[in-house]
Amino acid sequence: MQFISERIRFILYWLRYLNDFLYDHIRFVKYSNTEYTYIRNTDKLVAKIISLYHVIEKGLSIDRPRLRFGVPRIKMLMRYIAIYSGRVDRGNWDIQVVSSLKVLREYSKFNKDRGADSLLVDEFLKDYSDVLEVEHIKGGTKALDLDEFFSQEAPLFDTVVSLRSSVRNFGVGEVALADVHSAIALAQQSPSTCNRQSSRVLITKDRIQIDELLALQGGANGFSEQINCLLVICSDLSCYQGPGDRTSGIIDGSLFGMSFLHAATRYKIASIPLNWSKNYKDDIKLRAMISFPDSYAVLFFVGLGVFKNNVRVPCSTKNSTHEICMNIEVI
Ligand SMILES: Cc1cc2nc3c(=O)[nH]c(=O)nc-3n(C[C@H](O)[C@H](O)[C@H](O)COP(=O)(O)O)c2cc1C
């Protein structure tokens, strides 16, 4: 009897929640970028430019980048910049597009310094020499100045937040598990919807497991072998109820994850968040690879390692604050 009533309840809830999930689905298909060749919407074009230049800046920040890496992406990036340039007056260029040119310039310099030319990029950049002169917008990589930071036993919040960067080039040495647990304990101070505290962390220091998990994750190529502790940040869906909660686990887990990244930095652990924005097939593969409760939704991975002196990290300028803020207006 109980079995039957549970089945009926499942079907009722399945139907009850469907509209809400469909609403999200329709909005995502409608508003996310689904164009590839021309990209009519200029905001979406800028987003595409960012995602492409990011591949290059991250490539430049690993230990030993391959000469002339990423040529197909670079060609695509240059094409999109040219489209953007045809649409937007140079005086009004988005910060991110200026950054993309700086990243291309560093890419060219990286190759030239090692005796490899990148004529295609140089030729392209000639048309944008005026934009490249803009001083206050950065792009490419910078060295993290860690001396002062390491001299502070408990660095201040501002220092931690300013220093935190995604690291893709780790030093030699093991991350201490005790520090990882201390950082997790700090992150547990994060707020969560109705204090549900659904965040869960799967941890491994096992080399084989890390390699297998990162091979499936796919976003740590070129530096995965330097990660010596891997976390999988999850949210336990069993903490939630009702259609209004359908994204609560993602929100609570992300707040927790961000606190963790800051806390890890405070404990002088170098970190890199790694996406688990995967299709369902990869999610099923992951569940077949390691054991954890079915109710856990996997949000993202975090790779950890020790800081290397003067490690280089991407330095592109963040969007301007006034551009991301708008006053709330009554309709
Ligand atoms: C959820 C999430 C997933 C990410 N996944 C990857 C990834 O798979 N590989 C990677 O190299 N960087 C990844 N990153 C790092 C971003 O590229 C990085 O946060 C972004 O470029 C901003 O740089 P910053 O973290 O140094 O400020 C991810 C970041 C987030 C928040």
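**Helix packing, strand pairing and the ligand shell**

Me: Are α2 and α4 roughly parallel or roughly antiparallel to each other?
Reply: This is a predicted model, so keep that in mind throughout. The axes of α2 (42–60) and α4 (residues 95–113) sit 9 Å apart, at an angle of about 30 degrees. Angles under 35 degrees fall in one class, so the word for α2 and α4 is roughly parallel.

Me: And in which sense, left-handed or right-handed, does α2 pass α4?
Reply: The α2 side of the contact includes V46, I49, I50 and Y53, and the α4 side includes V97, V103, Y107 and F110. By class, the contact residues split into 10 nonpolar, 3 polar and 2 charged. As for the sense in which α2 passes α4, the crossing is left-handed.

Me: What about α9 and α11: oblique or roughly parallel?
Reply: For α9 (residues 177–187) and α11 (residues 248–266), the axes are 8 Å apart and the angle is about 135 degrees. An angle over 145 would count as roughly antiparallel and 65 to 115 as roughly perpendicular. The angle between α9 and α11 therefore makes the pair oblique.

Me: How many charged residues are there in the contact of α9 with α11?
Reply: α9 brings A183, I184, L186 and A187, while α11 brings F256, S259, F260, A263 and A264. Sorted by class, that contact has 8 nonpolar residues and 1 polar. The charged count is none.

Me: Which element gives the largest share of the shell around the ligand?
Reply: The ligand is surrounded by 14 residues, and the closest are S165, S166, G219, P273 and N275. At least two shell residues each come from α2, β4 and β6 (312–314). The largest share is 4 residues, and its source is β4.

Notes. Residues are numbered from 1 along each chain as its sequence is written. This is a predicted model: local features need pLDDT of at least 70, side-chain atom pairs count only at pLDDT 80 or more; totals for chains, interfaces and linings use all residues. A residue is near a molecule or strand if its C-beta atom, placed from the backbone, lies within 6 Å of it. Axes are lines fitted to C-alpha atoms, for helices over the stretch in contact, and angles run from 0 to 180 degrees between N-to-C directions. A crossing is left-handed if the near helix is turned anticlockwise from the far one by less than a right angle, and right-handed if clockwise. Two residues are in contact if their C-beta atoms, placed from the backbone, lie within 7 Å. Ala, Val, Leu, Ile, Met, Phe, Trp, Tyr, Cys and Pro count as nonpolar, Asp, Glu, Lys and Arg as charged, and the others, Gly among them, as polar.
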